[in-house]
Amino acid sequence: MQTVGQCSVCVSRAAGRLLRNQTDISLLQTNKSVLRRGAACLSFLSSRKPGVQKLGQWTDTAHMSIASLSIGCGLYAIPFTQQVENLSHESLIRRAASVVTDSSSTFLSRTTLALIDALTDYSKTVHTRIAVQRRYLASLGKLTPAEEDSFQEVINGQRAKASERLAECKRLESTWINAVHLCKMAAEAAHTSGAEHASIIVRTNIQVAQSQVEEARKLSMDADKKLAETKVEEIQRMAEYAAFLEDSEVQEAYLRED
């Protein structure tokens, strides 16, 4: 009788552990082995010789142990998806909103860095073109044909490079604007779902990204402004040089006539 009771306790404890550790797969496997040991105990008791217990006591005890074992096996057979913690819909929505804000913030961060680098490279390229072009204008009339061709080749190369950088800036700016819109939608979704902390964080990230991009845009706009001024200087300088050449030709013609 005592041995059967101990087996029943083993099975009951195994069933209890199955309920308390519903998400632990390794413990479920351990509990299964405990249930198997309980079944082995019942098999051992059934092989004992009559006379150790009264038939009625043995039958009641055996039925109780088998019932306990059946309960344990029944609990083990419950699908795992039904044993997951019963969270509310509101809690799950808040968690999902937090995940969305994290992902959108990462997307915004990557596109912001890429756009800033592109704007910076464009500004550097434009400034290099301005420097070369001003050196060329300052050297008009003093250059050999080979040197003038060399200057023109460098200027054309910088012009093409600046055009490529500008196209890259426009492409990345379009992606960056989409990232900002996505973050705004994520912040609004987090706010309405109750994830206020996540909403505040993503709104702050938007402000920081906009401030950084604005600074990079100022640098590129300043480069464009200086390039426009250089083009005006080029037109004036070329007009002056053309007038100088014309005067020189006129003077040479007078000299030839004399």
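Modeller: Among the elements of the protein, helix 5 has the highest mean pLDDT, 94, while helix 3 (residues 55-76) has the lowest, 40; pLDDT is the predictor's confidence in each residue, from 0 to 100, and the elements are DSSP runs numbered from the N terminus, with helices (H or I) of at least four residues and strands (E) of at least two. This is a predicted model, in which local features need pLDDT of at least 70 and side-chain atom pairs count only at pLDDT 80 or more, whereas totals for chains, interfaces and linings use all residues. Residues are numbered from 1 along each chain as its sequence is written, and side-chain values use heavy atoms, with hydrogens and water left out. The protein as a whole averages a pLDDT of 74, with 61% of the residues scoring at least 70.

Helix 5 has 49 residues, which at 1.5 Å a residue should span 72 Å, and its end C-alpha atoms are 72 Å apart, so the two agree; the expected span is 1.5 Å times one less than the number of residues. Just after helix 5, Gly 194 takes a positive phi of about 100 degrees.

Helix 5 also takes part in the 1 aromatic pair counted, where ring centres must lie within 6.5 Å and planes under 30 degrees apart are stacked, over 60 edge-to-face and the rest tilted. The rings of Tyr 136 and Phe 151 have centres 5.8 Å apart and planes at 45 degrees, so this pair is tilted.

Terms used: Rings of Phe, Tyr and Trp (its six-membered ring) pair if their centres lie within 6.5 Å; planes under 30 degrees apart count as stacked, over 60 as edge-to-face and the rest as tilted.
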